[in-house]
Amino acid sequence: MENAGLQFESRPAAIDERRIEAELVGHRPADVARVLAREKALFVSAEAPEALVIGSDQTMSLGDRVYHKPGSLDEARENLLSLSGQTHRLNSGIAIATAGKIIWEHVSHADLTVRTLGDEFISKYLERVGDKVFGSVGAYQLEGEGIQLFSRIEGDYFTILGLPMLPLLDKLRELGAIDA
């Protein structure tokens, strides 16, 4: 958002994401991303009702499986092996709240195909990227060495990063919050 010329303040939303996800078992991963974005926006909006609050969240799924950030290198390895040769989906949800009410929400998708990965490549990849694998649900950062994992990407870059900027900017212009 800073690179887009937006002035903003970042505040964490102290919500229990795993509890919310547990309540949404059986829902589509896109719906989970949307609800988590809503809850984050509403939480911060309750603290700053005069502000225009943007909440966002992202889910990653392959079929019915929803992934979370790996807690160990073994889990990161297992996640990468399960993604090898497969196409997974990133769902980036975004919501805007003001005065404790949601005034807009949106979900964008990106489909990413991981090339077939060998055990040796995965071991070397994990060794090179180190603790960075714990910061991403897919054990990769597309903007870094993680790009080497992919054979095909369909979707917009900002959706992949977790904040669908183009729809957000359109809505902010429509609301008069930024110059049209």
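Buried means under 20% relative accessible area, exposed over 50%, and partly exposed in between (1.4 Å probe, protein chains only).

I'm working with a predicted model, where local features need pLDDT of at least 70, side-chain atom pairs count only at pLDDT 80 or more, and totals for chains, interfaces and linings use all residues. Residues are numbered from 1 along each chain as its sequence is written, and side-chain values use heavy atoms, with hydrogens and water left out.

**Entry 1: Asp-57**

I started with the annotated spot. UniProt, in an unreviewed entry, puts "active site" on Asp-57; positions are in the numbering used here, feature names are shortened, and annotations may be inferred rather than shown by experiment. I found Asp-57 in strand E1; helices (H or I, at least four residues) and strands (E, at least two) are DSSP runs, numbered from the N terminus. Buried or exposed, I asked of Asp-57? It counts as buried, at 9% relative accessibility.

Next I listed what Asp-57 touches, skipping neighbours within four places in sequence: Glu-17, Ala-33, Leu-36, Ala-37, Lys-40, Asn-91, Ser-92 and Gly-93. Contact here is heavy atoms within 4.5 Å. With Lys-40, the side chain of Asp-57 also makes a polar contact of 2.5 Å. That term covers a pair of N or O atoms within 3.5 Å; within protein, one must be able to donate a hydrogen and the other to accept it, and residues adjacent in sequence count only if both atoms are side-chain atoms.

**Entry 2: Ile-54**

Ile-54 sits in strand E1 too, which spans residues 53-62. I got 28% relative accessibility for Ile-54, so it goes down as partly exposed. Beyond four places in sequence, Ile-54 is in contact with Met-1, Ile-94, Ala-95, Ile-96, Leu-168 and Leu-172.

**Entry 3: salt bridges**

Side chains of opposite charge can pair when their charged atoms come close. My rule was a side-chain nitrogen of Lys or Arg within 4 Å of a carboxyl oxygen of Asp or Glu. How many salt bridges does that give? The count comes to 17.

I looked at Glu-105 and Arg-34, bridged at 3.5 Å, N to O. This pair links distant parts of the chain, 71 residues apart: Glu-105 is in strand E4 (residues 101-114) and Arg-34 in helix H2 (residues 29-47). Glu-105 is partly exposed at 30%, and Arg-34 is partly exposed at 26%.

Then I checked Lys-124 and Glu-120, at 3.1 Å, N to O. They are four residues apart in helix H4 (residues 119-129), so about one helical turn separates them. Lys-124 is partly exposed at 44%, while Glu-120 is exposed at 54%.

Glu-145 and Arg-128 came out at 2.2 Å, N to O. Glu-145 is in the loop between H4 and strand E5 (150-154), and Arg-128 is in helix H4, 17 residues apart. Both are partly exposed, Glu-145 at 27% and Arg-128 at 44%. I also noted one network, in which salt bridges that share partners join Glu-17, Arg-18, Glu-21, Lys-40 and Asp-57.

**Entry 4: nonpolar patch**

Last, the surface. Tyr-157, Phe-158, Leu-161 and Leu-166 make a nonpolar patch of about 380 Å². Patches take residues with over 30% relative accessible area and no salt bridge, joining like charges within 9 Å and nonpolar side chains (Val, Leu, Ile, Met, Phe, Trp, Tyr) within 5 Å. Areas come from the Shrake-Rupley method with a 1.4 Å probe, and for residues only the protein chains shown count as cover. Helix H5 (residues 157-161) gives the largest share, three residues. Leu-161 is in helix H5 and is partly exposed at 42%.
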